[in-house]
Amino acid sequence: MNPKLLLQLAQQILPQTIQWRRALHQMPEIGLELPKTVAYVCGVLDELGIEYDSHYVEGNGIVALIHGERPANKVLALRADMDGLPIQEDTGLDFASTNGAMHACGHDAHTAVLLSVAAILSQHRDQFAGTVKLIFQPGEEYPGGALPMIKEGALENPRVTRIYGMHQGQLDSQQPEGTIGLIEGPMMASMDRFLIEVQGKGYHGAYPELSHDPIVATGQLITALQTIKSRNISAFDPSILSITRVQGGFNQNIIPDTVELEGTVRTYSNQLRENIHQRIQGIADGIAQAFDVQCKVTYDYKYPAIINTPEAVEETHQVLEEVLGEDALYTLPQPLMSSEDFAFYLEEVPGAFIYLSNPGHIEGQFHGHHHPKFDINEDYLELAIQTFLALTLDYLKTP
């Protein structure tokens, strides 16, 4: 299929893509329970005559299959996340959601684009050999839908040999609008969460000597945790430790029994994640002994880092340069510290994650992801469709 035909097909389906996106935008659901969204997507797949299995994650994940007219051992997976965020929308759009949740990260567009690609490929099975597997997953924002999809066999029967995912909006503010961004190797950081519960002995604020003050201990703990980055990790190893919540106490003259401290850790190395975890535990144990309190550390390993496969990135660049032109491509100057659970797929299968820069303006500006006024520019959705089509038809090209 030549580039001009890809462009024409994407342009032709764009009005339908926008219609699907706006319908999904009005029914945002959160986490791992997306009954309305799943029903909508399954309804579209039924209309398209595409076979699918929607039993994943207790009926909240879908895997659809499109077989080329010729058999082949290659299986290409394309993934879209379907969940929204617990944010009250404030865009003022005619199709804004009103249920207290919001597609504030572009997942409605991710799903609509994948449905559009499915519609086109299902009508042009003669253009590829092998199988296209379409993965519609819940819970990317939280608590993570990729891993349960994988554990339940989303990458098997047939076994996926290459996978691509895409994010929309503008994750990298330097990336020009209307371009496709990618980078070889690390692209997005891991994401872990830690909680430290400092248990002391509360007492009257006028008699602190009779307490085991968890607030003082927490203050020292906050300071000490910041030394992990500056004194335990090489300056050449990117990492972040951010304390994002400190909670304790309830009155001006009472020393409380407990204080909670919560935060996030980001890096690109699984070994470094483990090292930081151990250092947090060691510091907490030391502070507990020094201040006669107890420090219970909970460290949750959430999403690993996205590591794009070099071969997949090289092929992606070559294909998209030929189809879209060099000006449509953007190489990220460095990876980002935000996270995405697409990383779990890349731990299992070679592939790449891609950025489409299509920020939408509300009140004259782009407000960023996870903001009540987040939006995308729908005009660039055809670029997303072209990208997935080009990568699919190249990887699964007929002999």
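# Exercises around the largest pocket

Three strands, β8 (191-199), β12 (258-267) and β13 (294-303), each give at least two residues to the lining of the largest pocket. Strands (E, at least two residues) and helices (H or I, at least four) are DSSP runs, numbered from the N terminus. A pocket is an open set of points on a 1 Å grid over the protein atoms alone, where a 1.4 Å probe fits, with protein on both sides within 12 Å along at least five of seven lines; lining residues have an atom within 4 Å of a point.

The model is predicted, with local features needing pLDDT of at least 70 and side-chain atom pairs pLDDT 80 or more, while totals for chains, interfaces and linings use all residues. Residues are numbered from 1 along each chain as its sequence is written, and side-chain values use heavy atoms, leaving out hydrogens and water.

**Exercise 1.** Find which residues the UniProt annotation "binding site" covers, and how they lie in space.

*Solution.* Start with the record: the unreviewed UniProt entry lists C105, H107, E141, H167 and H370. Next, look at distances: these residues spread over 266 residues of sequence, yet they cluster in space, with a largest C-alpha distance of 13.4 Å. Finally, turn to the pocket: C105, E141, H167 and H370 from this set belong to the lining of the largest pocket. Keep in mind that such annotations may be inferred rather than shown by experiment.

**Exercise 2.** Work out whether E141 is buried or exposed, and what its side chain meets.

*Solution.* First, locate E141 in the loop between β4 (129-137) and α5 (146-151). Then check accessibility: E141 is buried because its relative accessibility is 17%, and buried means under 20% relative accessible area, exposed over 50%, partly exposed in between (1.4 Å probe, protein chains only). Last, the side chains of E141 and H107 make a polar contact at 3.4 Å; here that is a pair of N or O atoms within 3.5 Å, one able to donate a hydrogen and the other to accept it.

**Exercise 3.** Describe the surroundings of H370 and I87.

*Solution.* Begin with H370, in the loop between β16 (351-356) and α11 (381-395). H370 is partly exposed, at 39% relative accessible area. Leaving out residues up to four places away in sequence, H370 touches L85, I87, A104, C105 and E141, where contact means heavy atoms within 4.5 Å. Now move to I87: this residue is buried at 15%, and among its contacts are H370, H371 and P372.
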